[in-house]
Amino acid sequence: MKHSKMWNKTAFPMGNVNKKADCLRMVCLCCFDESFFSFQGHCDKINKTRLFGENERILQAAKKGTVTDMELQIQVAQAAKKIMEIQNNVSKVIVGKEAVFRKLMAAFLAGGNVLLEDMPGTGKTKLARALAASIDAEFGRIQFTPDLLPSDVTGLNIYRQDQGAFEFTAGPVFCNILLADEINRATPRTQSGLLECMEERQVTVDGVSRRMKAPFFLIATQNPVETAGTYPLPEAQIDRFAMQLSMGYPTMEEELAIIDRYKSDDPLAQLEPVCTCEDILQLQELCRRIYVSDSVKKYLVQIIQATREHDGLAMGVNPRGTLSYLHCVQAYAMIQGREYVTPDDVKELCVPVLGHRIISYRAGQSGSTKEILQGILERIPAPTEEWTR
């Protein structure tokens with residue numbers, strides 16, 4: 001590779017590790033193509049490794065903790081490239097909203113689920129469908145209504161008279177990406193049918209547990225309007241979501257682009273996959289290898305502790321929220337092409353990950369929890385020392 005000269009002892013003295021890492025990250029993100037790569041010197045041992053899909057050795061080494069920093073940097077760079085391909089593919093259907101998509105992917109790669117709360121018609125369903133089409137995943141959709149039963153979600157056993165036995169008929173939850181549309185329109189009993197799917201990735205019917213397909217990602221939606229006849233989600237159920245996101249209205253330029261794009265046909269119908277579910281599983285494993293320094297971990301925990309001690313909050317973040325926060329910032333750092341987490345990652349995901357997990361005494365006032373979290377971020381000093389290994 002012609003850029004291999006950027007990586008040698010002459011260009012970088014051994015003590016300048018950060019410049020080496022930055023150079024490698026730049027080369028990985030900007031100069032890779034779809035064939036093979038070969039670095040000289042330090043990279044001879046991983047010569048001609050496939051950019052994506054043929055790197056099982058490095059992934060296995062990562063699981064065992066024997067992967068080198070350089071191999072991890074290369075893995076993260078090619079993972080960020082793959083995620084960018086997914087984002088570009090989704091952008092053929094969803095105009096703008098790149099920041100929302102990156103947070104959605106962070107929750108997906110962290111193994112969590114997302115609650116999308118926004119006005120009707122802002123593209124929540126199309127976003128879920130476009131993501132499923134981009135990764136060649138099986139898509140399922142449930143329209144939640146007051147008469148929906150838990151068995152309509154999970155499935156049920158049906159007696160087959162010709163066989164003289166019961167046969168399990170799987171419900172729509174047995175898919176890779178599930179859209180639970182207007183989840184708050186169903187009764188709490190029906191809503192609870194998703195809890196086991198979200199946490200344990202399994203469904204139990206008549207005492208028999210069945211594993212979900214992997215990967216599994218739940219995107220639930222609810223509207224802040226039309227609340228008559230709805231059943232508000234209990235706090236314990238909302239806590240199962242890794243993030244709560246909002247699409248928001250498009251800008252004037254984005255809306256003009258939507259008109260031009262959709263005036264003749266729907267681009268979702270022509271969307272082709274750019275990766276597979278197996279690729280997503282590899283990315284989910286890789287993001288757990290993202291390095292989090294002690295100072296960044298302490299900063300994250302200080303934010304969590306501050307929510308429990310705040311006078312304006314009736315309930316702070318629980319340990320499940322702490323772990324979800326950690327995994328989401330790891331995935332978000334990988335999406336940015338970094339093999340380590342920075343305090344900016346922690347700040348960026350604070351409100352999406354923690355905002356729905358806290359209860360304010362001023363719950364009736366719009367934006368109060370967001371303002372409290374922003375105040376906590378302003379009060380707690382972010383670490384300034386080195387965050388890499």
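Let me start with a salt bridge, meaning a Lys or Arg side-chain nitrogen within 4 Å of a carboxyl oxygen of Asp or Glu. The side chains of K82 and E85 form one, at 2.9 Å from N to O. These two residues sit 3 apart in helix α3, residues 69-90, so about one helical turn separates them. Searching the whole structure gives 13 salt bridges.

A word on the source: this is a predicted model, where local features need pLDDT of at least 70 and side-chain atom pairs count only at pLDDT 80 or more, while totals for chains, interfaces and linings use all residues. Residues are numbered from 1 along each chain as its sequence is written, and side-chain values use heavy atoms, with hydrogens and water left out. Helices (H or I, at least four residues) and strands (E, at least two) are DSSP runs numbered from the N terminus.

Helix α4, residues 98-109, holds F108, and strand β10, residues 217-222, holds F217. Their rings are a stacked aromatic pair, 4.5 Å centre to centre with 15 degrees between the planes. Pairing of Phe, Tyr or Trp rings (six-membered ring for Trp) requires centres within 6.5 Å; planes under 30 degrees apart are stacked, over 60 edge-to-face, the rest tilted. The two residues are 109 apart in the chain, and the whole structure has 3 aromatic pairs.

In the loop between β9 (208-211) and β10 lies P215. The peptide bond to P215 from A214 is cis, with omega near -5 degrees.

Now the second largest pocket, with a volume of about 410 Å³. Its lining has 22 residues, and G121, T122, G123, K124 and I258 are the closest to its centre. Elements giving two or more residues to that lining are α5 (124-134) and α10. A pocket here is an open set of points on a 1 Å grid over the protein atoms alone, where a 1.4 Å probe fits, with protein on both sides within 12 Å along at least five of seven lines; lining residues have an atom within 4 Å of a point. The volume is the space filled by probe spheres set on points joined across faces, edges and corners.
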